[in-house]
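Hi there,

Here is the structure I promised to pass on. Have a look at it first, and then read my notes below.

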Amino acid sequence: MSPKPPLEVTIETRSLGQDDAAVIRAKGEIDLATAERLAAALASPACANENGLLLDLTEVGFIDSSGLRVVMVAMRDFPRLGVVFAEGSPVERLFELAQMLDRVPCFRSEEEAIAALMDGHP
Amino acid sequence: MITPAEQRAVSLLTLELEDSSRLASLVRDSDDAIITKDREAVVRSWNPAAERMYGWSMEEIVGRPISIIIPPHRAGEDRQILDRILAGERVHHYETDRITKDGRIIMVSLTVSPIRDELGEIVGASVIARDITARHRSEELAARLQGVTSRLAKELDPDIVLEVILDQAVAGLGADAGAVGMVEGDQVVLAGHGGYSDGGIDDWERFALDADVPMARAIVTGEPVWTTSAQELTERFPGLANARIMFTSLAVLPLAAGGSPFAAISLSFNQRREFDTEERAFLVAATQQAANALDRAQRYESQRISEQRQRVLGEVGELLSRSLDPDTILVQLAETAVHYVADWCAIDLIDDDQGLRSVAVAHVDPEAVELAKELRNRYPVDPEDPTGSPNVIRTGETELYSVITDEMLVEAAQDSEHLEIMRKLGLTSAMIVPLRARGRVMGTISLIASDPERRYDESDVEFAEDLARRAALAIDNARLFSREHEAAVMLQRSLLPQSLPEVAGVELAALYEPAAPGWEVGGDWYEVTADEGTVSVTIGDVAGRGIKAAAIMGRIRSALRAYVLDGHTPGDAIGRLDRIMRESPEMEMATIFHLDLDLAAHSARYVRAGHPPALLRLPDGEVVRLAGGGTPPLGILQGVEGVEHEVSMPPGSLLLLFTDGLIERRNEDLIIGLGRVEEALAQAPGDAKGALAELANAFRDEMPGDDVAMLAMAVVG
């Protein structure tokens, strides 16, 4: 509704050695109005299901169940997934409340996540 | 008596003219005035050029003091010059003023030399004078023109351009008065004037472009008008024969820049006067500079206006998209309008019984807003009025009142108080524009100016109509949306239990609060199922919004209810629900809190599938979170099991289930929101209905963006 989207989504490809990982960075607020953009990024050609996917939510200041849903869809569709967010962040709080914290492949930094994704596929 | 020495001096001084020598004929034929005067400043000789220049004949002036041709503001100058000559000096090309026999001031350049006798004694002075009036005049006009050019070169304020050209033209030609008229439609309107005696210009504030008067003719023909006498004026403009003419000569020049003239400047002279070539050239050139400057200023102004309009439209567009409440939209629109395009603005909408309802009134002066509202209330618009808003609504056509005079106000006033209010508010120009969307007129916007400088014209109407079109569309959309919103709310409510079952041993209350208009309806729901010694309470949230989410919610609810009535435990029922949700591709993610209470044992088992914890107030007042985990949101992930947790709920316990809308705030940790609800629950009354009512009251204002469902159950034993 406001002129400037309160959520910015960028996609970048990073090498995992043998194959690639798409890095999706979200910055701003993920709610009903903006979650579709994040979902669209997941469905973009840059994100191949067999490759790795890194969802960086470090700069998300607000997330509600619409955002939770997108992350769950990513968990379902991308076997090699890393979700990055900070300790005590709104993202962590929501995952905790939604019983998802022990299910989400969670990392504290993109580097940590990349390292883990490479370990999974040497 | 004249002494012999004096006699000799006089003969020396007059020698040239009586002599037939070559020198004498040179003096006689010279174009310059050649004069001799004695030591006492008495004129002793006077050549024909001097006669032509000063108007005095030789016979008249010889023997009289030279001070006759010195104007009052140069008095004494002749003596000073003579003193220098007697001291043996010469005076070269001294520029000064002299006065002619008929009182004209002329400019002269003087060269004065001493005349000596054979012994070398100075007996007088010769003066050679050249009339430099014309030369000086053309220099002055050239300098003035240069001044006009440089002052107007970058001037963008039309008022200053008019002031400069008027001042300089009046001063340049020594006019007694001057005026500028600008074309406005088929009229000429006075835009500036100076020098007229009281009331002398009153008849000319505004006149028709086709009137037979000098200014109109100059504008229509594009040619200057020069008249040297009142008689010539009335001969050429018979229509002026009976007019009050306060002047004798007149110069009128049209102002045009490329196209046809858009203005004229008029100079009036009390004395009869000819206009020489240089003066005409000066006026033509100066007015051309002014015309160019005005043209440039107007272009700049219209560009500025068009840029401002674009800005306003952008601002309004944003404002219109910000709200979905028609009245809010219109109030903000009125405020924006008085900020940019009007001094006051009134917006009226047709209401359900076809009357006019005043929705918004705004005024640049906040104190005048009340006055404007009073005007509307005390003198309501008559729907049968042949003009104004009712007429605009009937015809769908804008009404433009470019100029509203006091007479028009008197005419329109219903009584003296009405007139007084209108005068206080100020009404000098107005336009009433229809609010029309999809072919239907729904009301009007009245834009009113109280500043005489602001006169609405066709381009303002175009802009106002553009503004009104956008506003009308936004209002229509808001109305449409509000109908859709109502439909979704209705569906949502129809899918929720119409009433809660009566169950012995517990008291139940539930509430569904839809999101405010402007936000979509969500998929929050609740359910109560009673079956042989147990009661199941459930609350859930389906991701997504609108009618689709409401429909999915309905299916989940009936599926769960069927499992419960089949006797499935909470964990089992939730596991099954997850599987059927994942089998239906159109299903969404859902969170659920589901609890079975054994009414005899006062013990409960619950599953929390990704849902916020429920809160339980124990009989001693302690509030605990039912936060047992293990089950994620349903509908997406594989291998979800409903993990059960047990809790004791002795009589006096109060259970509260809710959806995330109650605890979710931007810029705030969810846990803080949860803590707030815990505190409120600790203070709430012991019965389910009372507790729920109080919680709803406490949190209603804070939950506009999301819908909220709540279910309370008190164990009564």
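How many helices and strands does chain B have? Chain B has 20 helices and 26 strands, where helices (H or I, at least four residues) and strands (E, at least two) are DSSP runs numbered from the N terminus.

Before the rest, some ground rules. This is a predicted model, in which local features need pLDDT of at least 70 and side-chain atom pairs count only at pLDDT 80 or more, while totals for chains, interfaces and linings use all residues. Residues are numbered from 1 along each chain as its sequence is written, chains are lettered from A and ligands numbered from 1 in the order in which they are written, and side-chain values use heavy atoms, with hydrogens and water left out.

Now chain A. Its secondary structure comes to 4 helices and 5 strands, and along the sequence they run β-β-α-β-α-β-α-β-α. Of its 122 residues, 48% count as buried (under 20% relative accessible area; exposed is over 50%, partly exposed in between, with a 1.4 Å probe and protein chains only).

Is A:Ser66 buried or exposed? A:Ser66 is buried, because its relative accessible area is 9%. Apart from neighbours within four places in sequence, A:Ser66 is in contact (heavy atoms within 4.5 Å) with A:Asp31, A:Leu32 and A:Ala35.

Back to chain B. Of its 717 residues, 50% count as buried. Take contacts between residues at least 6 apart in sequence: 61% of those in chain B join residues at least 24 apart.

B:Tyr401 belongs to strand 14 (residues 399-401) of chain B. B:Tyr401 counts as partly exposed because its relative accessibility is 26%. B:Tyr401 and B:Tyr456 are 55 residues apart in sequence, yet their C-alpha atoms are 7.5 Å apart in space. Leaving out neighbours within four places in sequence, the contacts of B:Tyr401 include B:Thr387, B:Met408 and B:Ile432.

Last one: B:Asp451 lies in the loop between strand 16 (440-449) and helix 16 (458-495) of chain B. With 34% relative accessibility, B:Asp451 is partly exposed.

Tell me which part you'd like to go through together.

Cheers
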